[in-house]
Amino acid sequence: MLAKFPSLFDGDVMNAETKSKWADAVYQAIVTMASQANIEADLPRPVVLTPPKPELGDIAIAMFAYSKAFHKAPAALASAVREALMADPSSPKGEILIEGGYLNVRLGLADLAMQLFTQARTEGFGHTSSLKGRRIMVEFSCPNTNKPLHLGHMRNDSIGSCVARLLKACGADVRKVNLINNRGVHICKSMLAYQKFSKGEDPASSGIKGDHLVGEYYVKFANWAKEDPTAEAQAQEMLEKWEAGDPETIALWTRMNGWTLDGLEESYKAMGISFDKYYYESNTYKLGKDKILEGLAKGVFTREEDGSVQVDLAPIKLDKKVLLRRDGTSLYITQDIGTAIARHEDWPFDTLIYVVASEQIYHFKVLFYILGLLGFDWAKSLYHLAYGMVYLPDGRMKSREGTVVDADELLRQLTEMALEEIRKKDREGELDDAARTAHYVALGAINYYLLQVNPMRDMTFNPAESLSFTGNSGPYLQYMGARLSSILKRYEGSLDGFDPSLLTLDDERSIIKALASYPDVLDKSAESYDPSLLCTYVFELSKVFSHWYHDTQILKAETAELSKARVGLCLMLLETFKSAYEIIGIPFLEEM
RNA sequence: GCGCUCGUAGCUCAGUUGGAUAGAGCAACGGCCUUCGAAGCCGUGUGUCGAAGGUUCGACUCCUUCCGGGCGCACCA
């Protein structure tokens, strides 16, 4: 049976090591041929790719680039290179085929498979060392304390968590940090509404989760402000009281912040999100203020006639930017300056990644520039990982108009759908805890859904159709894991004497090659801070596995040795899937 | 106006530092459960890769211009 996945691993699949070995050998041959023929030209290193069809070989090297210098057709050149390689006993091993203008190589995969098999059974499988020794801080989530999490936060949290795990898998020392936006006039709005309209209820007495309760008052404020033109001024007044340390205001603030934070914590826990450290804007904004005054003293910033402190952004082709208001109070950017400095003092990092929506690209450009002006050489190691908006079919989510997709509610609905699915399939009796399984299915579905799209792209969330449990979805992937687990559980022999040379089917070869490329996918995904690469990889690997599984007898193969070899392949697949799922945020399920 | 970003099948998205006939999932229709889990597998697609130029042996990919969507350019966060 022919594998029909031409798109499968068109990409950088064969591991980089094998590819570069062949590239070197071919390059050497070309260079030698050139000098023998007295050809003087800039000869580029060859382009190595993967042929579109498995029968064309495992590696393809394009000869087009040399055609001109040699005045020879690419195919003739390929033949000449083949002669040279075959005459040289030190050439890498493989069968060379000439196809069109390409020199293709068909590899013996048994050694590779054996190596993978050994690795799959050792601790730390699925990790690389490309970022070993690097200290990387990742900031994400950063909620306000006036409302619960919504779908936009979920994309942020999924990306942030996944990138942190990716970096860790590549050997980096990673620290996840959150920044709680707990001060400012918007926070005062829900407090004010609570003061005016509540009868002293709290989460316990109302039975409403804290973040949702506070969010209700934020909405109440918005409605009230429509009627009463003094509402905004009253909120501003409350902010001034807060900044002055008015005990009553601070007490209310502490109380309501606590409710929200408890609620957010509960949501994080349900979504499997965690942080190594929390920062609070209420604690860092003063430091930012001090640093700006220091900068002013150093002459980096200027005080304008009206008393405000500004920075001239002409060197980066932008206007002036206010850093301290004329009344001396701080702004958003003031706080971020303080927070960044505090973080570097806490934990000197090599890189700090801010996972923040793309609408704030300008803000971070300015922030990084200012930190550089202040003389922090680590400013150049700051990186804004911008991601696109999540739209609904009818447009953008708007908190004030109530068109947000609430995170808790979404997770609840998905869990319910998953449980329904379990019941429909009559699996409830087979599971230890169907409700917990349903929850994990829901988590896998949402994380995979949010991560399979390139971060930079805006995406549309269609609640009705988008989160299917079939096809290219989290649950599909989990299902692969469950089937593999099931096979390994049923296999009664030992895997000693595993013989990879028996794995000769096209699908088996495809799987081995794909497995070998896993570390490269991880590195690339981590390097570009792009979880979608890893998502695409696991999905395509799942598809070949599924195809192979459907057509191939594993436990009852023709011979016991062949069964052993195939079960061994299943083991490698399972370990690779487990590793990838963990990084993406798809809970691994032995049964579902 | 300036800047950033995106534009690939009805919908949601992939597309390897330019490479061999542009791919998946969903939706639709039709097959496959007395064989390792059917959340599965197989089949059915006339896409101006937003448009036009350019560079190249070769362009969805790079450059230029234009068109369209989104975001930003606050003493808001």
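This is a predicted model: local features need pLDDT of at least 70, side-chain atom pairs count only at pLDDT 80 or more; totals for chains, interfaces and linings use all residues.
Residues are numbered from 1 along each chain as its sequence is written, and side-chain values use heavy atoms, without hydrogens or water.

Chain A has 20 helices and 15 strands, taken as DSSP runs numbered from the N terminus (helices H or I, at least four residues; strands E, at least two). Its C-alpha atoms fill a box of roughly 85 × 70 × 40 Å along the principal axes. Of the 592 residues of chain A, 53% are buried, meaning under 20% relative accessible area with a 1.4 Å probe, protein chains only.

Helix H19 covers residues 531–551. Its 21 residues should span 30 Å at 1.5 Å a residue, and the end C-alpha atoms lie 31 Å apart, which agrees; the expected span is 1.5 Å times one less than the number of residues. Of the 21 residues of H19, 15 are buried.

The whole structure holds four cavities of 30 Å³ or more. A cavity is a set of points on a 1 Å grid over the protein atoms alone where a 1.4 Å probe fits but cannot get out, and lining residues have an atom within 4 Å of a point. The second largest cavity has about 60 Å³ of space, the volume being that filled by probe spheres set on the points. Among its lining residues are Met154, Asp157, Met271 and Asn447. Helices H5 (151–169) and H15 (434–451) each supply at least two lining residues, and H15 gives the most, with four.

Notes. Chains are lettered from A and ligands numbered from 1 in the order in which they are written. Buried means under 20% relative accessible area, exposed over 50%, partly exposed in between (1.4 Å probe, protein chains only). On a 1 Å grid over the protein atoms alone, a cavity is a set of points where a 1.4 Å probe fits but cannot get out, and a pocket is an open set with protein on both sides within 12 Å along at least five of seven lines; lining residues have an atom within 4 Å of a point.
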